[in-house]
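Here is a short briefing to read alongside the model. Take a look at the sequence and the structure first, then come back for the notes.

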Amino acid sequence: MIIRSKAPFRIGLAGGGTDVSPYSDMFGGCILNATVSLYAYANIEPRNDNKIVFRIPQTGEEYIYDSAIELTIENDKADLMKGLYNRVVKDFIKKPLSLTLTCAMEAPFGSGLGTSSTLAVAILGAYTEWLSLPLGEYDLAFLAYQIEREDLKHAGGKQDQYAAAFGGFNFMEFYDDNKVIVNPLRIRNEIINELSNNLLLYYTNTSRNSGDIIAKQQQNVKSQKEKSLEAMHQIKKQAYEIKEAILKNNLDEIGHILHRGWTYKRDMAEGITTPIFEELYNTAISAGSTGGKISGAGGGGYVFFYCPGNTKFAVAQALHCLGGRIQPYSFTKKGLETWHTK
């Protein structure tokens, strides 16, 4: 038997960073995001030899351990898989497991689409399918958050886990005491199709350590740095503005809102934008885009641009020579999915 799962990556349309403590605790955060047709996959094959095997075929990595109640966290690439295993055993099973866990992703780590958190949700989903764990979407997303942020001490926010678990277009609210409210948006198919047509997703062929940027952002909030706080307030406001533009089918307003937000995003913390991003942005605007946004914490990875009318063709051509690539995608309505073979 093979237990399988897949969870979609997300595009953060607005509000990114306001889901990170202490901002969300002090002021409340709001994020608008949508999942896309790029996925993280997890496959579990039960074993009977008292071994645990973690495999990442895309990089050729394999980690083999003796079955145990707890695997040692060693600051290596297997730590996420070990951390998830440890909590499943500790919280639910209470005894060692023997399995082969194989993972794959359709976007690189550090690319700004919520990769590590989405993979965490996919792995937890596979465990849930295999072991019949009592986890709904909220439970699973919060457990993934706890493992990443508390057990493994990885810096970051909360939106990625919830986006992967729920899927679709969601307006999310974040408060203190880890309170999260996911509001699914009902959007007509023709609006979704037009938005997908007009949002050009571009991969810069670079990655970044989001934790470093997020740590700077957190410090700016803790020290009450006025410029950074005002930028985050404006970023949160844009989540409401873009939500309204989508629901009312005023899609061309999105580019102008994103354009205003470009400066605000840059002011949240040092390192969010780079000379590469500035060149990309200026090139896209000159070719007909009305605004764009760095996906995720910034510093590398994906960026997207709103291209009204048929300007996406000219924008794509202008970006072609800058070292990255256009990423085909479509918006998805489903979040985590699990199943098994006989």
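How many disulfides does the rule count here? The count comes to 0 disulfides, where a disulfide is a pair of cysteine sulfur atoms within 2.5 Å. Please keep in mind that this is a predicted model, in which local features need pLDDT of at least 70 and side-chain atom pairs count only at pLDDT 80 or more, while totals for chains, interfaces and linings use all residues. Residues are numbered from 1 along each chain as its sequence is written, and side-chain values use heavy atoms, leaving out hydrogens and water.

**Cysteines**
- Cys30 counts as buried because its relative accessibility is 3%; buried means under 20% relative accessible area, with a 1.4 Å probe and protein chains only.
- Cys103 is buried too, with a relative accessible area of 3%.

**Nonpolar cores**
- The largest nonpolar core has 83 residues; such a core is a set of buried Ala, Val, Leu, Ile, Met, Phe, Trp, Tyr and Cys residues joined through side-chain atoms within 4.5 Å.
- Phe54, Tyr127, Ile246 and Phe331 have the most contacts inside this core.
- Another core, of 13 residues, lies apart from it and includes Leu200, Tyr202, Trp262 and Cys307.

**Helix packing**
- Helix α2 (residues 79-93) and helix α4 (residues 137-151) pack at an angle of about 120 degrees, and their axes are 10 Å apart; helices are DSSP runs (H or I, at least four residues) numbered from the N terminus, and axes are lines fitted to C-alpha atoms over the stretch in contact, with angles running from 0 to 180 degrees between N-to-C directions.
- Where the two meet, α2 contributes residues including Leu80, Leu84 and Phe92, and α4 contributes residues including Leu143 and Ile147.

Methods. Buried < 20%, exposed > 50% of the residue type's maximum accessible area, 1.4 Å probe, protein only. Contact = heavy atoms within 4.5 Å.
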